[in-house]
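Here is a short walk through one protein chain. Keep the sequence and the 3D view side by side as you read.

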Amino acid sequence: MWRNKNIWILLTGEFIAGLGLWLGIIGDLEFMQEKVPSDFLKSLLMTIGLLAGLAFGPYAGRLTDRSSKKNVMIIAGLVRMISVVFMLIAIATGAIWWMVLFLILLQISAAFYFPALQAALPLVVADKDLLQLNGIHMNVSTLSRIIGTALGGFLLVFLPLSFLYIGSLVSYVGLFILTFFLDINENKTINLVKQPIEKTGFKQVFPIINRVPIVLMTLLITLVPTLFLGGFNLMVINISEIQDSTAIKGWVYAAEGISFMLGALLIRKINNKLSPYVVLFGSSFVIGLSQLLLYFAADPFVTVMAFLLFGFSVGSFFPTAATIFQTQVPKDFHGRFFSFRNMLDRVTYQIVLLLSGFLLDLMGLQLMCVVFGSLSIIMTSFFYARNKRIGATVEEKVL
């Protein structure tokens, strides 16, 4: 597997792009903390970009299935570079609306890029190597997040905010150039001239989801980590304010990121001993527990422990879920399926984001985490009971 240059290009590109992304996110948080006082208003701003990406989701899926994944990633990369220009204008003018344009273009780019990336991974390795590749890919992404957030916080001490976005732009240019060197062997079964992209949405994907119980159940249980991730950045800001410490931001991101990497590194050994369902339901339960622990967010030690638990759980959860999708959904439908999943993630993410902003203003971080943690455990129990009731076997071997 490691002799395949496409794998090295995809992983290197993911690391470079991740650095740029997280430099930008640290910049976004700093810009909004200065310009927008309300957590709910911050969540509304973030949601606008997500809605734009959602609108392009159906077309992105059809395009990915009927054209070169490489070309889709190249075009998405170009749009991503253009988006940074709008954020530089926002910083220069102090106008929030330029930031809104930046978020819209960035999310439109993501709506095309990530389904194409997920559809490309099964084309560059054998099915037996997918779980390992998914774990490594997510570790590379997490490592870029750890370095990017630490570097962003460090640079803000010495340099103007605009330098973070210049760093993001340089990273995106690097990814754009690397993508041209991809050499993916795609079997074109559809003549793009004779069969243009039809306007059928995702109706062809739904029967496949219904026919494979483990795919449907995995889609449903993905709601649990989303309930934590949707308000992640807002929670980090509030934890920093509760503890009156800027350093805790770095500790939280580092703890979650390192623990995530450990979970993703061990996932193959875990899945060799346990069924995918046990991994998914067990990880979901621990995610709910980590949310409940944030009731004690005033204590730095308990806070870091909560994010360590969360990181390890999602590090086990997401590679397992990704491998289930890649192996159980036919490759001809990967573009549409991953675009549909991307849209579903965006819808739930933006609902959680808005709800997090509202509840943070209404009741504060600690009570919100009790509500979310309890809801996560209840949902996990419900999905587990439903899985038993419909007779989907826990011992089903998919990996």
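Start with a definition. Two rings of Phe, Tyr or Trp count as a pair if their centres lie within 6.5 Å. Planes over 60 degrees apart make the pair edge-to-face. With that in hand, look at one group in this predicted model: Phe228, Phe232, Phe307 and Phe310 form one aromatic cluster.

Where do Phe228 and Phe307 lie? Phe228 belongs to helix α9, residues 223-229, while Phe307 belongs to helix α13, residues 300-328. The pair therefore ties together parts that are 79 residues apart in sequence. Both Phe228 and Phe307 are buried.

Now compare Tyr295 and Phe296. This aromatic pair is edge-to-face too, with 5.3 Å from centre to centre and 85 degrees between the planes. Are its members buried or partly exposed? Tyr295 has a relative accessibility of 39%, so it counts as partly exposed. Phe296 is also partly exposed, at 46%. The cut-offs explain the labels: buried means under 20%, exposed means over 50%, and partly exposed is in between. Across the whole structure, a search finds 12 aromatic pairs.

Rings also meet a charge here. Arg80 lies over the face of Tyr113, 4.6 Å from the ring centre. Arg80 lies over the face of Tyr172 as well, at 5.3 Å from that ring's centre.

Next, turn to the surface. A nonpolar patch is formed there by Leu143, Ile147, Leu151, Phe154, Val157, Phe158, Leu159, Phe163, Ile166 and Val170. Together these residues have about 910 Å² of accessible area. Which elements give two or more residues to the patch? They are α5, residues 130-158, and α6, residues 162-179. The largest share, 6 residues, comes from α5. Phe163 is one of the patch residues, and it is found in helix α6. Its relative accessible area is 41%, so Phe163 is partly exposed.

Finally, step back to the whole chain. It has 15 helices and 0 strands. Of its 399 residues, 55% are buried. The chain exposes about 17000 Å², and carbon and sulfur atoms supply 69% of that area. Consider contacts with a separation of 6 or more: residues 24 or more positions apart account for 86% of them. The pair of Phe228 and Phe307 ties together parts 79 residues apart.

Terms used
Residues numbered from 1 in each chain as written. Predicted model: local features only at pLDDT ≥ 70, side-chain atom pairs only at ≥ 80, totals over all residues. Heavy atoms only, no water. Patch = residues over 30% accessible without salt bridge, like charges linked within 9 Å, V, L, I, M, F, W, Y side chains within 5 Å. Areas by Shrake-Rupley, 256 points an atom, 1.4 Å probe, with all protein chains shown as cover. Salt bridge = Lys/Arg side-chain N within 4 Å of Asp/Glu carboxyl O. Helix = DSSP H or I, 4+ residues; strand = E, 2+ residues; numbered from the N terminus. Buried < 20%, exposed > 50% of the residue type's maximum accessible area, 1.4 Å probe, protein only. Phe/Tyr/Trp six-rings, centres within 6.5 Å; stacked < 30°, edge-to-face > 60°. Lys NZ or Arg CZ within 6 Å of the ring centre and 35° of its normal. Contact = heavy atoms within 4.5 Å.
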